[in-house]
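Hi everyone, thanks for coming. I'd like to walk you through one model today, starting at its surface and then going inside.

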Amino acid sequence: MKVVVCVKQIPDPATPYKLEEGTNWLVRPSEQVLDDTDRYGVEMGLQIAQANEGTVTLVSMGPAGNSQGIRQALAMGADKAVIVEDDGLRGSDALTTARVLARAIENEGFDLVIAGTESTDGYSGVVPQMLAELLDAPALTYATRVETDGSGVTIHRQTVNGYDVVTAQLPAIVAVTAGVVEPRYPTFKGIMDAKKKPVETMTLGDLGVEKSDGQTVASITDAPERTAGRKVEDEGEAFNEIIALLEERKVI
């Protein structure tokens, strides 16, 4: 089984983010880490591939930098990686991202594509569904549990009332939520092996995808500072005042 996992490198959340002057785009340093939400997708892909004598290919779009985040996923056990890096992709929106990833996935071939629900630096939450449309495959989203017998896939989808059980034939696209599995930690052997695994870098020209107009950030403003709250002195009837405040704000 050919399993493709969509992953993304992002600046380390533990370090301050910077915006590029003039464009207001996020500055992506050479040192980037694997998006934490993608660790669940990688682990899910590895478990499925191991159970079905398959392989796991990582597909990513964005500045490669030193590929630290990609190497993290390879150290977990993925077999190879494809990174699409091109200056023409700066400022890309979700649809452009989906088109580029879809073309790279088509080139690799797939039985199952796994992605996180959304990236922690973009939060668009629509790329997996767009991939499904572009790849002409069913989309099974918000999966908290994934099972496959090699010909079909079944997920449990979290809802406000419990969960739905959704099934589809392969090939298919599955978007997993955090907690779907417990990601493994790379072993020392895995880290050393990751240095030898193939990482292919491609451009828009290689994929035959035209440059997009992208998106622009017109302006940014600092978030307002939090103002002081209102203290309610409780002399036995404070709950009435709290209820009145909640009603005033139309919370209740």
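First, a quick definition: a nonpolar patch here joins side chains of Val, Leu, Ile, Met, Phe, Trp or Tyr within 5 Å, each residue having over 30% relative accessible area and no salt bridge. Keep in mind that this is a predicted model.

With that in hand, look at Phe 239, Ile 242, Ile 243, Leu 246, Val 251 and Ile 252: together they make a nonpolar surface patch with about 540 Å² of accessible area. One of them, Ile 242, sits in helix α7, residues 238-248.

Now let's go inside. In general, nonpolar side chains of soluble globular proteins tend to be buried together. The largest nonpolar core here has 38 residues, and Leu 58, Val 146, Val 153 and Val 174 have the most contacts inside it. Helix α1, residues 36-51, is the top contributor to this core, giving six residues. There is also a second, separate core of 27 residues, and Phe 110, Ala 115, Val 127 and Leu 204 are among them.

Val 127 brings us to helix α4, residues 127-135, where Val 127, Pro 128, Leu 131, Ala 132 and Leu 135 are buried. Viewed down the axis of α4, the buried residues fall within an arc of 145 degrees, so they line one face of the helix. Their cover includes strands β1, β6, β7 and β10, along with helix α3. And just after α4, Asp 136 adopts a positive phi of about 55 degrees.

Happy to take questions!

Terms used. Residues are numbered from 1 along each chain as its sequence is written. This is a predicted model: local features need pLDDT of at least 70, side-chain atom pairs count only at pLDDT 80 or more; totals for chains, interfaces and linings use all residues. Side-chain values use heavy atoms; hydrogens and water are left out. Patches are made of residues with over 30% relative accessible area and no salt bridge: like charges are joined within 9 Å, nonpolar side chains (Val, Leu, Ile, Met, Phe, Trp, Tyr) within 5 Å. Accessible areas come from the Shrake-Rupley method with a 1.4 Å probe; for residues, only the protein chains shown count as cover. A salt bridge is a side-chain nitrogen of Lys or Arg within 4 Å of a carboxyl oxygen of Asp or Glu. Helices (H or I, at least four residues) and strands (E, at least two) are DSSP runs, numbered from the N terminus. A nonpolar core is a set of buried Ala, Val, Leu, Ile, Met, Phe, Trp, Tyr and Cys residues joined through side-chain atoms within 4.5 Å. Buried means under 20% relative accessible area, exposed over 50%, partly exposed in between (1.4 Å probe, protein chains only). The arc is that of the directions from the helix axis to the C-beta atoms. Contact means heavy atoms within 4.5 Å.
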